[in-house]
Amino acid sequence: MGAPRLSRRAWLKVAAAGLVPLSLGAALALPPARRAVARALRPSPALGALSLSRQWLNSPPLDAQTLQGKVVVVCFWTYSCINSLRVLPYLRAWQARYRDRGLVVVGVHTPEFQFETDPANVRQALKDLDVTFPVVLDNERHIWSAFHNNAWPAFYFIGGDGLVQGHVDGEERYDQSERLIQKLLAQIGPTVPGGLSAVTGVGPQAPPDWRELGSGESYIGYAQADALISPGGVRRDVEQNYRPPRVLPLNWWSLSGAWTVGAEFATADARSGKIAHRFHARDLHMVLAPSAANRPVRFRVLIDDDPPGPDHGWDVGADGLGRVNRPRMYQLVRQTRPVTDRTFEIEFLDPGVQAYVFTFG
């Protein structure tokens, strides 16, 4: 495998997200790509694009006529993405504070992995994550394409005139975003609360520690896999017994035991399949799924060969034990201070787990 590289989501974590005005008057001053978006959103196909899917959760279908005169925040997200999860507290806060003054928050759920296309999985995720704002399923990426979108998460701020007035890719810039919401609401109504919302995220939805983020997202399926050290190489779509390397360098990972590595994920074919990763970050997450809905997979996490103790993540006990019971993201490590280079290992005590990606924060 090649040297580690930043994926699109990992790049968004370290890039400075910008609040870009897309009012038509400013369109000519924008770079060509932004001008193309501005042209595409004239006069108001942004709201019309929401009709490209009729699968809505938490509300009846919303369209340009229903949303006429409203201020709309459209957020592209997907429920197993750590970057998407960390924006949910802000969307909840904005919805609660401003919905009676004309704000509508719309989540466009555009999946990355196949299991995220299942409406039942998304419904369960909305329940688990306490998402109550309207969500439209964009499995075919029709809405994504209509917005010329290229990131999870991404925010589009639409005024009462139906025009996109601002756009943010990635996390951060929440204060600027909320001030823009207030400005747009003031254009359609006389009373808008001042100040900014008090937002607190817990567990995986807590803010990241950017200063200590020294590891980038790394996929496990061979279609996007990088940073895998595997003596003897990888056999695609065929069961193989893997062995770990003698030394695992920082930001590389390995398999151990019987695994079938597919394009999107690797499946542990027997008990005691292991994955190890040498990383530097406060948090380590993995997207995991059981191969059968009614067959949860038990696991044990070790950090530097010991149970995690106070460094355990949201989905792991201090003894390192946990279960994969649904297809989703699992927070496995949250380091206490100081954050240092650590070797993470997860052993699956039952066969059948599907491992998709590592993410950090």
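Begin by selecting helix 4, helix 5 (119-129) and strand 15 (328-334): each supplies at least two residues of the lining of the largest pocket. Helices (H or I, at least four residues) and strands (E, at least two) are DSSP runs, numbered from the N terminus. The model is predicted: local features need pLDDT of at least 70, side-chain atom pairs count only at pLDDT 80 or more, and totals for chains, interfaces and linings use all residues. Residues are numbered from 1 along each chain as its sequence is written, and side-chain values use heavy atoms, with hydrogens and water left out.

**The largest pocket**

A pocket is an open set of points on a 1 Å grid over the protein atoms alone, where a 1.4 Å probe fits, with protein on both sides within 12 Å along at least five of seven lines; lining residues have an atom within 4 Å of a point. Select Asp128, Leu129, Gln205, Trp314 and Arg328, which lie nearest the centre of the largest pocket among its 18 lining residues. Helix 5 gives the largest share of this lining, five residues. The volume of the pocket is about 390 Å³, taken as the space filled by probe spheres set on the points, which are joined across faces, edges and corners.

**The nonpolar cores**

Next, select Trp77, Leu91, Trp94, Leu103, Phe155 and Phe157, the residues with the most contacts inside the largest nonpolar core, which has 40 residues. Helix 4 (residues 82-98) gives the most to this core, with eight residues. Another core, of 37 residues, lies apart from it; Ile220, Ala266, Met286 and Val297 are among its members. A nonpolar core is a set of buried Ala, Val, Leu, Ile, Met, Phe, Trp, Tyr and Cys residues joined through side-chain atoms within 4.5 Å. Buried means under 20% relative accessible area, exposed over 50%, and partly exposed in between (1.4 Å probe, protein chains only).

Move to His277 in strand 11 (residues 273-279). His277 is buried, with a relative accessible area of 1%. Its contacts (heavy atoms within 4.5 Å) include Trp252, Trp253, Phe344 and Phe358, not counting residues up to four places away in sequence.

Finally, select Ile346 in strand 16 (residues 342-348). Ile346 counts as buried, at 0% relative accessibility. With the same exclusion of residues up to four places away in sequence, Ile346 touches Met286, Leu288 and Leu332, among others. The C-alpha atoms of Ile346 and Ile303 are separated by 8.9 Å, and these residues are 43 residues apart along the chain.
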